[in-house]
Amino acid sequence: MTVREGSLEAPIRHPIDWKNPAYYDEAACEAELERVFDICHGCRRCVSLCNSFPLLFDLIDEGPTGEVDGVDKADFHKVVDQCYLCDVCYMTKCPYVPPHPWNLDFPHLMLQHKAIEFKKGIPTAFRDKTLSDTARNGKLAAIPVVAQTVNALAKVAPARALGEKLLGVHKTAWLPQYTSQPFESHHAESHKHAVKDGQRTPGKVAIYTTCYVNWNEPGIGHDLIKVLEHNAIPFVVVEKQACCGMPKLELGDLESVEGLVKQTIPGLAKLAKAGYAIVTPIPSCTLMFKQEIPLMFPGDEDIAAVQKAMFDPFEYFVARDKDGLLKTDFKQPLGNVSYHVACHLRVQNVGQKTREMLQKVPETAVNTVERCSGHAGTWGVKKEFHEMSLKIGKPMFRQMNEHPNGTVDYIASDCQLAGHHIAQGIDAGVANGPTDDKVQHPLSLLARAYGL
Ligand code: SF4
Ligand code: SF4
């Protein structure tokens, strides 16, 4: 049979069949890895995306046959370990995704292998569990003296060296600071604005804060509230939030994802059904609710309602503007902004809404960079991957630091972790270096542009 190059139909994504015992069949997964690796070997489009592909191609090229059959199957996991599930290969490069008969879903095959390995027990389980328990870490660190101590230790070299040895967290990776004033207990309440639904946007917003904004940088959430207030959009903050589950998904710990889904979805579904737009200021969390959770639980009505109500903040603001319901009375120019489109936003297929909005601010020039920063959630802080994460990001660090209009005033990424990682890369691997002062989340830039 002749198989045509690429598919003419829109890509589709199969549900993740993780409840089926066959999902954990190691031999079947290995056979599928071999099939997919062989297609990738003949294609090689993704060679520059991350380290999974160059590593795979090296294993093939340096093997005795120069084909996939010459690769030791025990080495397959090395390719999987380098994948941080950014989804970019699937969403932006691969012509063989379903409905193409080759039916290739590289990231979800990596996920399946991770899930099998996770069930068997992985050697880095303690470190990985510690890093991925984002809400528990935040709650612990929010105790005032603990927050100060943790934050101070994160900047002390001997403590970091010990952390690397005991926990496997790279000693020079940028680490977030914790707050003793989490967003969920320190945010302003909404004024009683009238709800004005637009053609494209619900007129009231529920803020799903995310662990990072709640425990690490609540200022991003406060800035989101300022922008909503300025535009007379009434809001609520989602109560009793739990993690979206992305850090657990990245480990292949699918049962923990289910545990979190049971905590988050009932409250979010109520808000979705009550007509709220659910706005989530970190793209990985938005993507969980828009894509991964619905694929893990197909047919679940509550999850489908949440998926439909979920917005990236700038997706919401641009649509609100098209509805004629957003103010554009900007008071402060932003100057030269180097803006990174985070991978987990890119794959949401909503277009470059952040760039679109920031470009409306007068005397603002946005230099847009659409390449992986290499940070990828907790992956880039791990001892064994941090150097690679800086290597992956190197070409884009240069692009972010070279604004066509001259000196960069702001470094902005929808993913604030990536923003700090980019600053570290620009400062040649130095965490909290001078460029870190220029890092501003796009929501904070929007609030600043309004003069709020
Ligand atoms: S999902 Fe991202 S990290 Fe994983 S193989 Fe594809 S491009 Fe690489
Ligand atoms: S994932 Fe698709 S586009 Fe990328 S190398 Fe493999 S076959 Fe080619």
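Reader: How do the residues of the shell around ligand 1 divide into nonpolar, polar and charged?

Author: Ala, Val, Leu, Ile, Met, Phe, Trp, Tyr, Cys and Pro count as nonpolar, Asp, Glu, Lys and Arg as charged, and the others, Gly among them, as polar. Here the shell holds 11 nonpolar residues, 1 polar and 1 charged. A residue is near a molecule if its C-beta atom, placed from the backbone, lies within 6 Å of it. Of the 13 residues around ligand 1, those that come nearest are Cys50, Cys83, Cys86, Cys89 and Pro107. Helices (H or I, at least four residues) and strands (E, at least two) are DSSP runs, numbered from the N terminus.

The model is predicted: local features need pLDDT of at least 70 and side-chain atom pairs count only at pLDDT 80 or more, while totals for chains, interfaces and linings use all residues. Residues are numbered from 1 along each chain as its sequence is written, and chains are lettered from A and ligands numbered from 1 in the order in which they are written.

Reader: What is the order of the strands in the open sheet?

Author: Two strands pair if DSSP finds at least two bridges between them. The open sheet has 3 strands in the order β6-β5-β7, with parallel pairing. Its edge strands, β6 (364-369) and β7 (410-413), each pair on one side only. Between β5 (residues 335-340) and β7 there are 4 bridges; Tyr339 has Ala412 of β7 as its bridge partner.

Reader: Which residues of helix α16 are buried, and which are exposed?

Author: An α-helix has 3.6 residues a turn, so residues three or four places apart point the same way. A residue is buried if 20 or more other C-beta atoms lie within 10 Å of its own, exposed if 12 or fewer, and partly exposed in between. In α16 (residues 301-309), the buried residues are Ile303, Val306 and Ala309. They lie on the same side of α16 because they cover an arc of only 130 degrees around the axis, the arc being that of the directions from the helix axis to the C-beta atoms. Glu301 and Lys308, on the other side of α16, are exposed.

Reader: What does Ala269 touch?

Author: Contact means that the C-beta atoms of two residues lie within 7 Å. Leaving aside residues up to four places away in sequence, Ala269 touches Asp302, Ala305 and Val306. Ala269 counts as partly exposed because it has 19 C-beta neighbours inside 10 Å.
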